[in-house]
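Open the model in your viewer and keep the selection panel at hand. Each stop below says what to pick and what you will find.

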Amino acid sequence: MNGVHDLGGMHGFGPINPEPNEPVFHHEWERRVFGVMMAAFGGGHFNVDQFRHGIERMGAVEYLSGSYYEHWLHALEALLQEHGTITVDELASKWKQFAEGAH
Amino acid sequence: MAEHAHTAPPSDPELRIKALESLLAEKKLIDPAAVDAIIETYETKIGPRNGARVVARAWTDPEYKARLLADATKAIAELGFSGAQGEDMVVVENTEEVHNVVVCTLCSCYPWPTLGLPPVWYKAAPYRARVVSDPRGVLLEFGTVVSDDVEVRVWDSNAELRYLVLPRRPEGTDGWSEEQLAALVSRDSMIGTATIPTPAPGAAP
């Protein structure tokens with residue numbers, strides 16, 4: 001399927017700017033996204049193709065403006081809801097709880 | 001609209017992953033201690049030093065190199081490196097005539113057991129878009145000049161097949177041990193965006 005993720009040959013993205021001595025993760029939340037995804041994957045909640053498709057179904061603007069682990073987070077939330085592992089209400093109630101806890 | 005406002009995810013990824021991890025842990029679908037262990041493994045144990053050992057072995061053992069080019073997955077496993085995202089490996093050899101470089105235009109496929117997790121630039125749009133149409137220009141951005149009489153081959157990885165570049169062994173390293181050679185091998189030389197410079201005379205580590 002063609003889509004915004006199919007980037008080969010596209011123009012206009014600018015320089016590559018490799019970061020010298022780059023750390024494996026740049027933020028604590030990236031660590032957690034990686035670990036939770038791997039644990040959920042290991043638990044058989046989705047397969048690798050479903051996960052990639054979860055990323056490929058992102059909207060073009062969100063895909064291009066989001067960082068790599070934001071893509072992962074999007075796919076994780078989407079697949080776990082679609083597969084009935086969690087519901088959006090459960091997630092929303094957690095968002096509320098943590099947002100309030102942070103203030 | 002009210003329903004949407006209620007369920008639209010917050011913009012802060014830190015809050016979102018905290019919420020998700022907490023929910024999955026409450027449902028006993030993941031164990032936060034196991035999550036910690038996974039993270040630690042990929043931060044400290046699995047990285048390009050593994051791939052460097054494969055390269056150094058291939059440079060010093062012609063029979064190993066032959067096995068590596070014939071069945072990379074199996075030969076890499078001989079050194080103890082296998083598992084997620086390394087299930088089906090191909091090693092492509094740089095020579096006087098050919099320089100290889102690896103990309104995943106569609107996403108981020110990368111040989112985790114030998115190189116660890118990919119750097120940000122490997123997963124980002126500029127590299128993925130341009131290395132297939134202007135590889136020499138991209139290599140220049142990494143400070144890598146490939147002479148015009150050398151063919152550049154770009155390999156597009158996918159979920160079923162991942163590539164590792166076997167870089168050229170630099171001159172002036174005759175008699176170096178496998179361990180000394182491995183110390184010369186950079187991550188980028190195994191992606192193909194770099195070559196390995198000739199060490200200064202007498203620079204054996």
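**Stop 1: a tryptophan.** Select B:W121, which sits in helix α8 (residues 120–123) of chain B. Helices here are DSSP runs of H or I with at least four residues, strands are E runs of at least two, and both are numbered from the N terminus. Is B:W121 buried or exposed? It is buried, because its relative accessibility is 3%. Buried means under 20% relative accessible area, exposed means over 50%, and partly exposed lies in between (1.4 Å probe, protein chains only).

Contact means heavy atoms within 4.5 Å.

A word on the model before moving on. It is predicted: local features need pLDDT of at least 70, side-chain atom pairs count only at pLDDT 80 or more, and totals for chains, interfaces and linings use all residues. Residues are numbered from 1 along each chain as its sequence is written, chains are lettered from A and ligands numbered from 1 in the order in which they are written, and side-chain values use heavy atoms, with hydrogens and water left out.

**Stop 2: an arginine of chain A.** Select A:R32 in helix α1 (residues 28–42) of chain A. A:R32 has a relative accessible area of 15%, so it counts as buried. Display its contacts, not counting residues up to four places away in sequence: B:I17, B:E21, B:P32, B:V35, B:D36 and B:I39.

**Stop 3: a strand in chain B.** Select strand β2 (residues 98–103) of chain B. Six of its six residues are buried, so the strand is largely enclosed by the rest of the structure. In a regular strand the side chains alternate between the two faces of the sheet. Check it here: B:V98, B:N100 and B:V102 point one way from β2(B), while B:H99, B:V101 and B:V103 point the other way.

Across the pair, B:N100 stands opposite B:R153 in β3(B).

**Stop 4: two positive phi angles.** Which residue in the segment before α1 of chain A comes next? Select A:N17. Its phi is positive, about 50°, although it is not a glycine. A:N17 is exposed, because its relative accessibility is 58%.

Then go to B:K28, in the loop between α2 (13–26) and α3 (32–44) of chain B. Phi of B:K28 is near 60°, again a positive value in a residue other than glycine. With a relative accessible area of 74%, B:K28 is exposed.

**Stop 5: chain B as a whole.** Zoom out. Chain B has 12 helices and four strands. Its C-alpha atoms fill a box of roughly 70 × 35 × 35 Å along the principal axes. Of its 205 residues, 48% count as buried. Among contacts in chain B between residues at least 6 apart in sequence, 67% join residues at least 24 apart.

Finally, colour chain B by domain: domain 1 is 9–44 and domain 2 is 48–191. These bounds come from an automatic or database domain assignment. The centres of the two domains, taken over C-alpha atoms, are 31 Å apart.

Terms used:
Two strands pair if DSSP finds at least two bridges between them.
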